[in-house]
Amino acid sequence: MMKYHIITIEREYASGGSEIGTRVGLQLDIPCYGKEVLERAAEKMNTVPERLVQLEETTSNSLLYSLGMANRIALGERDGLSEEGALYVTEESVIREMALQGPCVIVGRCAGWILRDREDVLRVFIHADKEFRKKRARTCYGIEEAKVDNILKRFDRRRANFYRANTCMHWDDKKGYHLVLDSSQLGISACADLICRTAAGEE
């Protein structure tokens, strides 16, 4: 019997968060959703995932959007949203639907915040030191050495801004998570094991 039925993972770019999420899903024999959130949102919005990636990029780089969306969320307003705002609301709907279908792992897209009203959600943040992340970016994602530093900054900034814009919270604030794990110190496998043990309620 699992103590936590839903596991959400936010992660620094190239910290291994997606791989950890996949391993947790396999070990617990539950689905792991990542890009599937975007794919289902695209279906609901009658568009393609690539278009939504562009919207997310706009969202994370737009100060006016961030201020406007944060204010709307604070006031509980959902009507008359921009296309970027509609994307977040659609992703929110998809994530809630996934959580209702049964135990699962959900990687990224503010899932922990979206499901904050549930007591059976384990919220995890994965980070790592820069050299570890640079190596993974090169070996796992094929990023050229000359571009690695900029890519790390770009994706971390994008994720932080997207989270801030849609939740009014700081993406890497430890108070928002039950577990904050350093994958460069613990290793990918150990992080997955710790998450599984915590989800199961082991001491």
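A: In this predicted model, the second largest pocket has a volume of about 160 Å³. Among the 13 residues that line this pocket, Gly112, Trp113, Arg123, Tyr163 and Gly176 are the closest to its centre.

Q: Which elements each supply at least two residues of the lining of the second largest pocket, and how does that lining divide into nonpolar, polar and charged residues?
A: The strands β1 and β4 (121–127), together with helix α6 (111–114), each supply at least two residues. By class, the lining of the second largest pocket divides into 5 nonpolar, 4 polar and 4 charged residues.

Q: What space lies in the largest pocket, and which residues are the closest to its centre?
A: The largest pocket holds about 670 Å³ of space, and of the 29 residues that line it, Arg11, Ser18, Val107, Arg109 and Arg159 are the closest to its centre. Two or more residues of this lining come from each of β1 (6–11), α1, β2 (32–33), α2 (35–44), α3 (49–61) and α8 (148–167). The lining of the largest pocket comprises 12 nonpolar, 7 polar and 10 charged residues.

Q: Why are α7 and α8 called roughly perpendicular to each other?
A: The axes of helix α7 (residues 130–141) and α8 come within 10 Å and cross at roughly 100°. Angles of 65 to 115 degrees count as roughly perpendicular, and α7 and α8 are therefore given that description.

Q: What makes the contact of α7 with α8, and which classes do its residues belong to?
A: On the α7 side the residues are Lys130, Arg133, Lys134, Ala137 and Arg138, and these meet Val148, Asp149, Leu152 and Asp156 of α8. This contact of α7 with α8 has 3 nonpolar, no polar and 6 charged residues.

Q: Why are α1 and α10 called oblique to each other?
A: Helix α1 (residues 17–28) and helix α10 (residues 188–200) pack at an angle of about 50°, with their axes 9 Å apart. Roughly parallel requires an angle under 35 degrees, and roughly perpendicular begins at 65; α1 and α10 are therefore oblique. Their crossing is right-handed.

Q: Which residues make the contact of α1 with α10?
A: From α1 come Glu19, Ile20, Arg23, Val24, Gln27 and Leu28, while α10 contributes Ile188, Ser189, Cys191, Ala192, Asp193, Ile195, Cys196 and Ala199. The residues of this contact divide into 9 nonpolar, 2 polar and 3 charged.

Notes: Residues numbered from 1 in each chain as written. Predicted model: local features only at pLDDT ≥ 70, side-chain atom pairs only at ≥ 80, totals over all residues. Heavy atoms only, no water. Axes fitted to C-alpha atoms, helices over the stretch in contact; angles between N-to-C directions. Helix = DSSP H or I, 4+ residues; strand = E, 2+ residues; numbered from the N terminus. Parallel < 35°, antiparallel > 145°, perpendicular 65-115°, else oblique. Left-handed = near helix turned anticlockwise from the far one by under 90°. Contact = heavy atoms within 4.5 Å. Nonpolar A, V, L, I, M, F, W, Y, C, P; charged D, E, K, R; others polar. 1 Å grid on protein atoms, 1.4 Å probe; cavity = no way out; pocket = protein on both sides within 12 Å on 5 of 7 lines; lining within 4 Å. Points joined across faces, edges and corners; volume = space filled by probe spheres on them.
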